Amino acid sequence: MLTQLDFAEHELYPDILKKIEKKDGAIFIHSENGVILKIEVVSENIIRFRYATEGSFSDDFSYAIDPDFSFPKCNYDLQENEQNVELITSTLVCKIEKEKLSVSLWNKNKELIHKDGKGFFWKKNKEYGGNTVNMGKEYQEGESFFGLGDKTTEQNLYGKTFRNWGSDTYGYEENTDPSYRNISFYYGLHQGMGYGIFFDNSFETRFDFAKGNPKAIFFSASGGEMNYYFIHGPKLLDVCQRYTLLTGRPEMPPLWALGYQQCKWSYHPEKKVREIGATMREHKIPCDAIYIDIDYMDGFRCFTWDKEKFPNPKKMIQDLKEDGFKTVVIIDPGIKIDDNYFVFKDGLKNNVFCKRPGGDYVIGKVWPDDCYFPDYTNPNVRKWWGNLFKEFMAELKIDGVWNDMNEPALFDVKSKTLPLDVRHDYDGHPCSHRKAHNIYGMQMARATYEGIKKINPKKRPLVITRSGYSGLQRFASVWTGDNLATWRHLWLANVQCQRLAISGVSFCGSDVGGFVYHPSPELFYRWIQLGVFHPFFRTHSSGDHGNQEPWSFGNEALELTRNAIELRYRLLPVMYTAFYQYYKKGTPMLKPLVFEEQENPKNAKRNNEFIVGNHILVCPVIEEEVKAQNVYLPKGNWYDYFSNTQLKGGKLHWVNVSKNNIPVLVREGAVVPHFPVMQYVGEKEIKTVELNIYYKNGTEKSDFYFDKGEGYEYENGKFRLSEFTIEGNDHSCIIRQKNEGNYVVSFNYKINLIGFPFKLENNNFYVDADFKEIKL
């Protein structure tokens, strides 16, 4: 199938250097044929490259870059010799060849990190006007690549090609591409050195990781600028943290949003919703939220209720709340063309809908049939959209909003989306849908987030989005879309969520059990056991394939599922602390093994194991009837979470598994906090937090973050961050605690000592939560 990038003429390249100038803190390198390379030293470890082919740059505007982003001014040296212009920071040397403006980047040890191959080139686009822009990089020996969001393939992207053009991929398979999200950020790793490339261009983009040419990497866009950021590590974790400084980090979520959530297409009528809640409580399955899909609407009209199915939604939502359930509703972008529909009429009045170049409204078929679509790239439209949630959030007391179909997806056209000539405001930088398509879903999520936050300024919003662009993490969580109830999709869910997390989007999960088809009991509880360790933990399914509630698979599966979900609630402080580190530092909540131990080249090919937070390693069971499986443990000693058996790291272990457990290992020296089991967050006051403390001959640090779980007082210091330090030797151990923040806790600690080689008076004892030091 032809795409926008296929309508291009012959290749054009920069000529030799003509002049260099410094202006407004940037370096401008001009070529003889009018190309300008603009270099901005964002920080000592981040350098931005922009290329203009017509002698000037377009307005510098990006939806990806966090508007609150800023770095202190960075000093650098600019030197010149016969061959190169050299830009030198405290950590990097950037060389620009005078012959064709080729770029290479080196560390202070004179080791090559990253280098242009073919370099920048462009083609005149004979179909749409403007240019296609391209960049060719040199493949380094043994190099591996990671990131690009939740691409449906192995962790290492080497030898593959990808395309970013947000697409509705119902029932996708392994290697389906493109898909829902558009995250043009990747990592490179060779000789133990890590770096990142963020290609900030919202047109259709492509990436080739040494597939077309085994010695080259290419990325390109069908329009716009060649505009990318080089992000130095050398640690991959450092790259991730710096990328999220650029593109933003989320605020803390409401604590309940990290609990278990139940969803289906669709729970209706009202009686069915109530029945789901009652059965959850009857079976004592912890659960914090029930979702209501599109069938609650009157003819799929957004912001309406079908009064026959849901005669009193306010009472239903209140009753659910009294039983500990939050209510989350779906909202799509398509607004039904109906002169008697208040949203449609108000949208016409306020001129919010997308139009074609001639001024006609664009029409597309989705669930309500013919629809108009708001232009979320217009700030006035985002404000209008946000105000539509007043009744839902302020009066009905709905707790979360789920934005679906926002690629945007259409039913009735081959392209499955809006025509490419549709016009968008793009926040005062008017453009066609070619440029706005990939950011449309993100701006819908932004409008939803900003709207409900304004309506309920003292509550933390929960927004879930299907589509998005780099930076979407500032506004929403995501799930991996309409997956299949197969064992291979369980494997995919594991890899996709790891990849999303390192791509800046840690608040992610999959449709547990699979959306399309129906899982076996074993597949369902194994998926639940993986979901326990994903930040967004929601079962979702298509109703025409059968029931997918925990009690739908027989008594054994029910018990196994309950046990797993109870473990999630016990480990909520681990997940919440990991989220705090994500919010504060940009640290991914899920880390592939290569991010834990990047000096081991074999880890670049490991897909199954991942680290949650800092100290827990998980290796899900992804095949039927498994009794044991290989698990690689990074260097150091590890403890089996369930048996407390100690295992030596730096090698593979054959780990036994049971129906009730998947391999979960804890790093030596870790302090792992546990809450009591609750049926929902806030069901009861937490009087005791258990601390599992794992012996280490050496020193290890662990964090435990706690706050009210709601509201924004934490931004003003009303939180508690406990840093535990373990210092152990053959005969003794000291446990120290240092607290930050002014939140006063009402619980004490129960200490559980694990793996200590010397005699103890007690392995289990209680202490005050404000202890400073314990000597053993």
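The largest pocket of this predicted model is lined by 35 residues, among which Ser-58, Phe-203, Gly-224, Glu-225 and Lys-435 lie nearest its centre. A pocket is here an open set of points, on a 1 Å grid over the protein atoms alone, with protein on both sides within 12 Å along at least five of seven lines, and lining residues have an atom within 4 Å of a point. Two or more lining residues come from each of strand S5 (46-52), strand S10 (112-124), strand S11 (131-138), strand S19 (226-232) and helix H7 (433-455), with helices (H or I, at least four residues) and strands (E, at least two) taken as DSSP runs numbered from the N terminus. Of these elements, S5 gives the most to the lining, with four residues. The volume of the largest pocket is about 740 Å³, a volume being the space filled by probe spheres set on the grid points, which are joined across faces, edges and corners. The lining comprises twelve nonpolar, 13 polar and ten charged residues, where Ala, Val, Leu, Ile, Met, Phe, Trp, Tyr, Cys and Pro count as nonpolar, Asp, Glu, Lys and Arg as charged, and the others, Gly among them, as polar.

Because the model is predicted, local features need pLDDT of at least 70 and side-chain atom pairs count only at pLDDT 80 or more, whereas totals for chains, interfaces and linings use all residues. Residues are numbered from 1 along each chain as its sequence is written, and side-chain values use heavy atoms, with hydrogens and water left out.

Strands S5 and S19, both of which contribute to the pocket lining, also belong to an open sheet of eight strands with the order S2-S3-S4-S5-S19-S16-S15-S12 and antiparallel pairing; two strands pair if DSSP finds at least two bridges between them. From one strand to the next the twist averages 20°. Within this sheet, strand S4 (residues 36-43) runs antiparallel to S5 and is joined to S5 by seven bridges, with Lys-38 standing opposite Arg-50 in S5.

A further open sheet contains nine strands in the order S32-S31-S29-S26-S22-S21-S20-S34-S33, and its pairing is parallel. Strand S32 (508-509) and strand S33 (511-512) stand at its edges, and each has a single partner strand, so one side of each is left without a neighbour in the sheet. Strand S20 (residues 260-262) and strand S21 (residues 289-292) pair in the parallel sense over two bridges, and Gln-262 has Ile-290 of S21 as its bridge partner.

Strand S25 (residues 369-372) is joined by two bridges to strand S23 (residues 335-336), the two running antiparallel, and Ile-335 stands opposite Tyr-372 of S25. Strand S24 (residues 364-366) also runs antiparallel to S25, with three bridges between them, and here Gly-364 stands opposite Cys-371. A hairpin connects S24 to S25 through two residues.

Helix H2 (residues 270-282) packs with helix H3 (residues 313-322) at an angle of about 0°, their axes being 11 Å apart; axes are lines fitted to C-alpha atoms, for helices over the stretch in contact, and angles run from 0 to 180 degrees between N-to-C directions. H2 is therefore roughly parallel to H3, a term applied to angles under 35 degrees. Glu-270, Val-273 and Arg-274 of H2 meet Lys-315, Met-316, Asp-319 and Leu-320 of H3, contact meaning heavy atoms within 4.5 Å. These residues divide into three nonpolar, no polar and four charged.

The axes of helix H8 (residues 487-502) and helix H9 (residues 521-531) come within 11 Å and cross at roughly 5°, which makes H8 roughly parallel to H9. The contact involves Trp-487, His-489, Leu-490, Ala-493 and Asn-494 of H8 together with Glu-522, Leu-523, Arg-526, Trp-527 and Leu-530 of H9, and by class it has six nonpolar, two polar and two charged residues.

Most residues other than glycine have a negative phi, and most peptide bonds are trans. The bond from Asp-177 to Pro-178 is cis, with omega near 0°, and Pro-178 is placed in the loop between strand S13 (161-164) and strand S14 (181-182). Asn-175, in the loop between S13 and S14, has a positive phi of about 70° although it is not a glycine. The peptide bond from His-268 to Pro-269 is also cis, with omega near 0°, and Pro-269 lies in the loop between S20 and H2.

Methods
1 Å grid on protein atoms, 1.4 Å probe; cavity = no way out; pocket = protein on both sides within 12 Å on 5 of 7 lines; lining within 4 Å. Parallel < 35°, antiparallel > 145°, perpendicular 65-115°, else oblique.
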